[in-house]
Amino acid sequence: MQKCGMLNMLQRRWPWVLAWCLITALGCMLLGRIALLQLREAFETDMRIAHRLLSQRVVQHDAVMATLALLQPQRDASQSAQPEQRLGSVYPQILSVQRRDSGTSWPQDSLRLAEEKSRQSHHAELADVDFNTGRYQLVLGADPTSHALLIDLRSTVPWSEWPMQPEQSPVRVSLDYGGQSFLLQPGHLAGTGWRFDFHKHLATDSQPFDVVALRQVGWPELPWGEMLAWAALVAALLGAWMAVLRQRTARRRAEELLRLGQVARLNSLGELAAGMAHELNQPLTAVLANTQAASRLLDEDPPELGTARVAMTQAVEQARRASGVVGRLRRVIEQPELAGEVRPVLLQETVRNALYLLEPEFRRRNVMLPEIESDGQPGAVLADPVALEQVIHNLLMNALQSLEQVAAPQRQLTLTLREDSHHGILSLRDSGPGIPPELLARIFEPFFTTRTGGLGLGLSLCETLVSNMGGTLSAHNITPQGAEFRLSLPLAATSAGATP
């Protein structure tokens, strides 16, 4: 039974759990998306800055070469060194400067070929690019003197202005050229995750290096704290909303039960009053008959008994008055003109509504809420909706009270709906102790009860209400134990077809 209770609780709460999962998942996806967009934006911003800084440095190399070509210092035998050799003190990335004057030749063929290309392209050209050592030479052909710079790649990077921390940054940055790659920043790449790429040429034709960057965002970098906070917030909001709905449902259920209780009390009072009227009407009729007979006898002897005749006439009038009062009371109780209208009612919906109202009672008594078994979709029956709801409510409560007399694991209630050719039939089977055979015939008698403190009007009232709606209510025991109450009401279509 504890497992059944847990199952019922899960069945009631799984839509809320599903809603929490969906809303939390959507919110976490949005938070993750925002975080990834922010990381990508920061990555692209840093790489644009890095590309601009590197472009400025290589353009600076072009400017140095152009300046050397314009100055064209004259060779002076008295000078031990040329002025361009002092460039290294101003530009640390320029390791050395070579020159070729007219009538001389370069010490390497690569420099000669680069000079020839430079004269054709009219800008500096690369020579001896070796990314393994991180160095390359830049040659500019000019007359009468050509120059070649030996440049160190790592020193070219303006680390003081670099937008990232080279040792801690997760971004891998390299310069690529002709299948060679020089690593500027190693980065810390995650094994799996989201990949950001950056690829752009430096802003010069003389040094056509590609700035290539890679950033991988791993799962640990997602905003898990914000996601957990979002999940907790959604859970709190859904919990609060569920509590509000639960209170509202409990209030509506209490109002419905109060209404049914008021109707039940009024019907019980009507049943009681009708029974009293029936019981009082017979003796009053006898008094009326006797007093009328006595009056006729007294009329045979008028000289002596005039006063007695007047008294007996008054008795007759009082008896008629009492009979009239009782009759008026019965008519007021019955109130046929105020009775609920009999109309087509879906029996299955009425049963579901009664189960909904009694759901707390089922949980309190450790009885699993039953499913409604039916063959197809039952049709509508002719009934007073309020009276029918009260009848089913009373039958369910009667079954719950019976189930309390057996152990919790044995408590079972089965509801079955079916149709025959003219009636819709509801069967309620419980696994309680059943009805003692000697009392089965009296189960629907007014004021007869086997329950301590009971008035014995519940089942009697149910039978009266069902009979007034043109139906029948019966009870019998089932094997191996338990009782079955069978409610039969005319089908709306059959009754409508039978109406002339």
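## Salt bridges

Asp-197 and Arg-195 form a salt bridge in this predicted model, and their closest N and O atoms are 3.0 Å apart. Neither residue is hidden away: Asp-197 is partly exposed, with a relative accessible area of 45%, and Arg-195 is partly exposed too, at 48%. Side chains of opposite charge can pair when their charged atoms come close. In total, the count comes to 16 salt bridges.

A few others are worth a visit while you have the structure open. Arg-352 forms a salt bridge with Glu-349, with 2.9 Å between the closest N and O atoms. These two residues are three apart in helix H7, so about one helical turn separates them. An α-helix has 3.6 residues a turn, so residues three or four places apart point the same way. Arg-352 is partly exposed, with a relative accessible area of 40%, and Glu-349 counts as partly exposed at 41%. The salt bridge between Arg-99 and Asp-101 also has its closest N and O atoms 2.9 Å apart, but here both Arg-99 and Asp-101 are buried. There is a network as well: salt bridges link Arg-100, Glu-115, Arg-119 and Asp-143.

## A four-stranded sheet

Now for the backbone. Four strands make up an open sheet with antiparallel pairing, and their order is S6-S5-S8-S7. Strand S6 (180-185) and strand S7 (194-201) stand at the edges with a single partner strand each, so one side of each has no neighbour in the sheet. On average, neighbouring strands of this sheet are turned by 20° against each other, direction ignored.

Strand S5 (residues 172-177) and strand S8 (residues 210-217) pair in the antiparallel sense, and five bridges join them. To find this pairing on screen, look for Leu-175, whose bridge partner in S8 is Val-211.

## Aromatic pairs

How many aromatic pairs does the structure hold? There are seven. One of them joins Phe-131 and Phe-209: the ring centres are 5.5 Å apart and the planes stand at 65°, so the pair is edge-to-face. This pair links distant parts of the chain, 78 residues apart. Phe-131 sits in the loop between strand S2 (125-130) and strand S3 (135-140), while Phe-209 lies in the loop between S7 and S8. Phe-131 and Phe-209 are both buried.

Phe-209 also forms an edge-to-face pair with Tyr-177, with 5.6 Å centre to centre and 80° between the planes. Here the partners are 32 residues apart, with Tyr-177 in strand S5 and Phe-209 in the loop between S7 and S8.

The largest nonpolar core has 42 residues, and Leu-388, Ile-392, Leu-396, Leu-426, Leu-487 and Leu-489 touch the most other members. Several helices and strands each supply at least two residues of this core, among them helix H7 (347-357), helix H9 (385-403), strand S13 (423-430) and strand S15 (483-490). H9 gives the most, with ten residues.

Not counting residues up to four places away in sequence, Leu-396 touches Ala-354, Leu-355, Leu-358, Leu-413, Leu-415 and Leu-428. A second, separate core of 41 residues includes Phe-131, Leu-153, Trp-162 and Ala-213.

## Helix H10 and what follows

Helix H10 (residues 458-468) also supplies at least two residues of the largest core. Which residues of this helix are buried? They are Leu-459, Ser-460, Leu-461, Cys-462, Leu-465 and Val-466. Just after H10, Gly-470 takes a positive phi of about 85°.

Technical notes
Residues numbered from 1 in each chain as written. Predicted model: local features only at pLDDT ≥ 70, side-chain atom pairs only at ≥ 80, totals over all residues. Heavy atoms only, no water. Pairing = 2+ DSSP bridges. Axes fitted to C-alpha atoms, helices over the stretch in contact; angles between N-to-C directions. Buried < 20%, exposed > 50% of the residue type's maximum accessible area, 1.4 Å probe, protein only. Core = buried A, V, L, I, M, F, W, Y, C linked by side-chain atoms within 4.5 Å. Contact = heavy atoms within 4.5 Å. Phe/Tyr/Trp six-rings, centres within 6.5 Å; stacked < 30°, edge-to-face > 60°. Salt bridge = Lys/Arg side-chain N within 4 Å of Asp/Glu carboxyl O.
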